[in-house]
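Please consult the sequence and the structure while reading.

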Amino acid sequence: MIKIYCADDYKGMSRKAAEIVASEVTLKPDCVLGLPTGSTPVGMYQQLIEWNKAGDLDFSEVKTCNLDEYVGLDPTHDQSYRYFMQSNLFDHINIKPEHTHVPEGNAADPDAACKRYDDIIRDLGGIDLQVVGIGRNGHVGFNEPSTSFPADTHVVDLTEDTIDANSRLFASRDEVPKRAMTMGVRPIMQAKRVLMIVNGENKAAAVKAAFSGPITPEVPASILQLHPCLYIVGTKDAMAQLG
Ligand code: GLP
């Protein structure tokens, strides 16, 4: 089942996405949320913070697992995804710090850290609602275009396109890490529900390739066509090329 919601603008996309996350938290207060970073989810997080501050949404029993993290960045680095999650969500809601999980980008042994991350997801019983964005090249998390769909959390070499896209957030392109850790497709595909959020016309071609084309690891998000419960919430310009 794919349910598509087309919003007029970023505000509408953020609100609808926040409503879907809030429904999950309301129906299952101890749910496991899979969460993304990037510019797309910021408005959704702001809305969730607002409802939490108003006393309408309780995160005290919610657990979270983030999709990915740069290799080599300390959690205190302002471009690490742990830092992003603290400043855009966790520091402003009543979630317990020990309930939040982000891959350990600064681990001495990244492969062992990936293995530990899969153990964490498994021990939590898997993900109830996985929220994802999409990269311009169709990546999900940091699953870059490739010849296979890796199942487990793994270390990836970022593509030049992703380094370019993300360099806007760093002082210079040279500072963008060249590697990242990302959940593989298994926990994403095993999540009970997946919510993809997309904003802006620069994502329209990626959305089209992912959902109007073949399922191929060259467009990692295309595997979501096989998910039994997928919601796509996007701005109308992002969805414009969807056939
Ligand atoms: C980043 C993240 C992805 C994110 C994507 C889009 O590289 N690893 O998880 O979905 O790029 O980011 P944005 O929302 O800023 O366009």
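Q: Which helices each supply at least two residues of the lining of the second largest pocket?
A: This is a predicted model, in which local features need pLDDT of at least 70 and side-chain atom pairs count only at pLDDT 80 or more, while totals for chains, interfaces and linings use all residues. Residues are numbered from 1 along each chain as its sequence is written, and side-chain values use heavy atoms, with hydrogens and water left out. On a 1 Å grid over the protein atoms alone, a pocket is an open set of points with protein on both sides within 12 Å along at least five of seven lines, a cavity is a set where a 1.4 Å probe fits but cannot get out, and lining residues have an atom within 4 Å of a point. With helices taken as DSSP runs (H or I, at least four residues) and strands likewise (E, at least two), numbered from the N terminus, the helices concerned are α4 (110-123) and α6 (185-190).

Q: How do the residues of the lining of the second largest pocket divide?
A: Among the lining residues are Asp118, Arg122, Asp152 and Arg186. The division is four nonpolar, two polar and four charged.

Q: Which element gives the largest share of the lining of the largest pocket?
A: The largest pocket holds about 680 Å³ of space, a volume being the space filled by probe spheres set on grid points joined across faces, edges and corners. Its lining draws at least two residues each from β4 (68-70), α3 (81-88) and α5 (160-166). The largest share, five residues, comes from α3.

Q: Where does the ligand lie?
A: Of the 13 residues around the ligand (a heavy atom within 4 Å), those that come nearest include Ser39 and Arg168. Both also belong to the residues nearest the centre of the largest pocket. The space that the ligand takes is the largest pocket.

Q: What percentage of the ligand's exposed area does the protein bury?
A: Polar side-chain atoms approach the ligand (N or O pairs within 3.5 Å count as polar contacts): one of aspartate 68 lies 2.8 Å from a ligand nitrogen, and one of lysine 203 lies 2.6 Å from a ligand oxygen. Taken alone, the ligand exposes 390 Å² (Shrake-Rupley method, 1.4 Å probe), and the buried part is 93%.

Q: What is the volume of the largest cavity?
A: The structure holds one cavity of 30 Å³ or more. Its lining includes Val140, Asn143 and Leu224, and divides into six nonpolar, one polar and no charged residues. The volume is about 40 Å³.

Notes:
A polar contact is a pair of N or O atoms within 3.5 Å; within protein, one must be able to donate a hydrogen and the other to accept it, and residues adjacent in sequence count only if both atoms are side-chain atoms. A molecule sits in a cavity or pocket if more than half of its atoms lie within 2 Å of its grid points. Ala, Val, Leu, Ile, Met, Phe, Trp, Tyr, Cys and Pro count as nonpolar, Asp, Glu, Lys and Arg as charged, and the others, Gly among them, as polar.
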